Amino acid sequence: PEDFWDPAGITNGKSKEEILNLRAMELKHGRVAMLAVLGWFHVAAGYHIIGDYAVGEHLDNNPLVNLTQMPMGGIWQVVFTIMCLEWVTTYVCKPPEEKPWDILGWTDILIEDEKSIWNQFRKAENQELNNGRLAMMGITGLIAQDVLFGDFGEAAVLPCFGAEACKELFSPVGPAATTEPFLGAGFIYPPLAQ
């Protein structure tokens, strides 16, 4: 939707400030969901080398299982980082009241001319909003699919989504043939320190 979309009527009876605050929360949740979907497929693809070395063993490619294998120190680092980012954007570098989602301060340097070819910021804002909504639904679906059926989307990182028709096109040799399709033929992880 281009400017305003509220089929559930959540904004009925709300002031302009409350609507701006709701929009800022929606954008923040959308940004977090976009990062979560990216992280989900990153882990599902098997690319968690830093985590493997930090723990000292190969972690599972299932993102929910991988989360339970993370040491408590790592989990607290993530929680502390999120708390610091929230504190900075809420108290230290507070966004302007008329555009509370503008955490980088673009408001003062943008020209509000919608017709200018150089300023498509309104279109980019709508794209971010819609992509955030899609990502919120996407990460919810990925988690539900993993919990209910045990399928965490590992086929999404395979060439042609793991279809049999593409096996001859992308068939590396060696131990990486089934688990690491994009790392090249015969890639072997270096041994972990014991």
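The protein chain holds five helices and zero strands, where helices (H or I, at least four residues) and strands (E, at least two) are DSSP runs numbered from the N terminus. Read along the sequence, the pattern is α-α-α-α-α. This is a predicted model, in which local features need pLDDT of at least 70 and side-chain atom pairs count only at pLDDT 80 or more, while totals for chains, interfaces and linings use all residues. Residues are numbered from 1 along each chain as its sequence is written, and side-chain values use heavy atoms, with hydrogens and water left out.

**Confidence**

- The chain averages a pLDDT (the predictor's confidence in each residue, from 0 to 100) of 78, and 74% of the residues score at least 70.
- Confidence is lowest in helix α2 (residues 49–55), with a mean of 72, and highest in helix α5 (residues 121–149), with a mean of 90.
- Over residues 174–187 the pLDDT is below 50, and this stretch has 23 contacts in the model beyond near neighbours in sequence, a contact being heavy atoms within 4.5 Å.

**Burial and cores**

- Of the 194 residues of the protein chain, 23% count as buried, where buried means under 20% relative accessible area, exposed over 50%, and partly exposed in between (1.4 Å probe, protein chains only).
- A nonpolar core is a set of buried Ala, Val, Leu, Ile, Met, Phe, Trp, Tyr and Cys residues joined through side-chain atoms within 4.5 Å, and the largest one here has eight residues, namely A33, V37, W40, A44, A135, I139, L142 and F152.
- The elements that give two or more residues to this core are α1 (16–44) and α5, and α1 gives the most, with four residues.
- A second, separate core of five residues includes L20, A24, L27 and L129.
- Leaving aside residues up to four places away in sequence, W40 touches P63, L64, I139, L142, I143, D146 and F152.
- Among contacts in the chain with a separation of 6 or more, 55% come from residues 24 or more positions apart.

**Surface**

- The protein chain exposes about 13,900 Å², of which carbon and sulfur atoms supply 67%; accessible areas come from the Shrake-Rupley method with a 1.4 Å probe, and for residues only the protein chains shown count as cover.
- M72, W76, V79, F80 and M83 form a nonpolar patch on the surface, with about 570 Å² of accessible area together; nonpolar patches join side chains of Val, Leu, Ile, Met, Phe, Trp and Tyr within 5 Å, from residues with over 30% relative accessible area and no salt bridge (a side-chain nitrogen of Lys or Arg within 4 Å of a carboxyl oxygen of Asp or Glu).
- M83 lies in helix α4 (residues 72–92) and is exposed, with a relative accessible area of 53%.

Technical notes: Patch = residues over 30% accessible without salt bridge, like charges linked within 9 Å, V, L, I, M, F, W, Y side chains within 5 Å.
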